[in-house]
Amino acid sequence: MLRPLAADLEERRAAARLGGGEEKIARQHQAGKLTARERVALLTDDFTELGIHARPHFSQRAMDGKDAPADGVITGWGHVDGRPVAIVAYDFTVMAGAMGMTGEIKVARVRELALTKRIPIVWLLDSAGARIQEAVGAQFAQTGALFREQSVMSGVVPQVAAVMGPCAAGTAYIPGLADFVPMVSGRGSMALAGPHLVRAAIGEDVTPEALGGARVHCRKSGVGDLEVADDEECIARIKEYLSYFPASCEEAPPRLEASDPVDRMDEALLDVLPESNRKPYDMYDVIRLIVDDGRWLDLKPKWAKTIITCLARMGGRPVGIVASQPRHLGGILDNDSADKAAHFVQLCDAFGIPLVFLVDVPGFMVGTKVEQAGIIRHGAKMLHAVASATVPKITVVLRKAYGAGYYVMNGRAYEPDLIVAWPSAEISVMGAEGAAEILFRDAPNKADMVEGYRKMIDVYLAAGNGMIDDVIDPRETRPTIIKALGLAEGKKLERPYRKRGVIPV
């Protein structure tokens, strides 16, 4: 009796796995994209699919007679490098991956799985957005749980939203609320309204790429985290990202055995800084010399480039590095760089990843343009995030640490577990030249005044008065940080009770 039923079951599964059919699969490949199932297979060591038999919901009369295998979305869970991860992959071969009612019931089930089992969730996005045939009408009143549930999951489990094709309207807020958003260049795009709706609403003709492609969101808006060349690189970066994170906020970040000696001291660190403190250098050269095996994962590297936010390992421990970038505008902080750093600090703090601050900051940008754009509000956001973070925090001042820039880069008042400086460091409200210009602008011997003020901001004065913990040889930077991370591993901070802080936005 069961043999014909089992055969029928296998036929149904095979038909569902074909998605929109061979022709649409070939069209997906011709566009340089993998199918949803191929992406899932590349990401996971194995995959358990849920909802393979899904079809358009019976209540949607506009979909009568229309076929949509799995209702256009692949859902389930699989192991990524041996750890369970919840997966959602929109299938562009089925009605352009549009979000239908049954499909969203499936996705809600996977969100529940991720939250209750405390495992990461990964969206592989390639979708035209809400299925208009189903979305138009009063039943829209019951929708929207997706974004509320994503907000509830925030900081509980890691959330990755890979933009591998179009993400219009409903699907655009998924990456907007996610922690990590890689985008495939030339193929991935996201916008609250697609080109057709934009044309209808405001008469603007625009391509998906110009409206919300990887160049827009990874370089201008800051919504995207990383531009990648193709689906394969996108999947590789997702795996790399997840390798730094615990399955949930209730676990410690995964620690690996370090092949790179923890006491390694690199001579090249003595040659990083130029002779003049006005000349730029590349902070990535420092990062490369102090992290395990010279490897890191950059987040938002092409947006707000005056500050670096990246994940790396030191002594096998995952760390989040917040570093000034003197190569761009001297490392000065502006609205975008403050937002970038604040988001990254909150991300690391949420999942127990220690923070390392590499400081060479001349302060915040000044002038009417940035004031009108709200630099006080944006700077306060970074102040709030750094002050609120309770993970281990290590600060190394390499050169300049001026004004409020010193504060937001985890200065002494912001509870660093260790704060040290190179002999080249200067900690002050401003540099010697700026102070002399204000205090002695009419003095005939201003050069002497500059030199006198420079002596007042000598790093050994701060060290001599117990305001920093030590002045270190640059070559000692890696072992010093790793020792401090070991000491701070069991860190406990008590805060006054509150329902939540009110971060400036």
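How are α3 and α11 oriented to each other? In this predicted model, the two helices are oblique to each other. Two packed helices are described by the angle between their axes and the distance between the axes. Helix α3 covers residues 36-43, and helix α11 covers residues 231-243. Their packing angle is about 40 degrees. Their axes lie 10 Å apart. Angles under 35 degrees count as roughly parallel, and those from 65 to 115 as roughly perpendicular. The pair is therefore classed as oblique. The crossing of α3 and α11 is right-handed.

Residues from both helices build this contact. Helix α3 contributes R39, L42 and L43. Helix α11 contributes D231, E232, I235, I238 and K239. By class, four residues of the contact are nonpolar and four are charged. No polar residue takes part in the contact of α3 with α11.

Salt bridges were then examined. The whole structure holds 32 of them. One joins the side chains of E149 and R111, with an N to O distance of 2.7 Å. E149 belongs to helix α6 (residues 145-153). R111 belongs to helix α4 (residues 101-117). The pair therefore ties together parts that are 38 residues apart in sequence. What is the relative accessibility of E149? The value is 22%, so E149 counts as partly exposed. Buried means under 20% relative accessible area. R111 has a relative accessible area of 4%, so R111 is buried.

A salt bridge also links D360 and K400 through their side chains, at 3.2 Å from N to O. D360 sits in strand β12 (residues 355-361), and K400 sits in strand β13 (residues 393-402). This pair thus ties together parts that are 40 residues apart in sequence. Are D360 and K400 buried or exposed? Both D360 and K400 are buried.

R264 and D260 form a further salt bridge. Their closest N and O atoms are 2.7 Å apart. D260 has a relative accessible area of 8%, so D260 is buried. Which residues are linked with D260 and R264 in a network of salt bridges? The network also includes D266, D292 and R478.

On helix packing, α3 and α11 meet at about 40 degrees, in a right-handed crossing.

Definitions and conventions: Residues numbered from 1 in each chain as written. Predicted model: local features only at pLDDT ≥ 70, side-chain atom pairs only at ≥ 80, totals over all residues. Heavy atoms only, no water. Axes fitted to C-alpha atoms, helices over the stretch in contact; angles between N-to-C directions. Helix = DSSP H or I, 4+ residues; strand = E, 2+ residues; numbered from the N terminus. Parallel < 35°, antiparallel > 145°, perpendicular 65-115°, else oblique. Left-handed = near helix turned anticlockwise from the far one by under 90°. Contact = heavy atoms within 4.5 Å. Nonpolar A, V, L, I, M, F, W, Y, C, P; charged D, E, K, R; others polar. Salt bridge = Lys/Arg side-chain N within 4 Å of Asp/Glu carboxyl O. Buried < 20%, exposed > 50% of the residue type's maximum accessible area, 1.4 Å probe, protein only.
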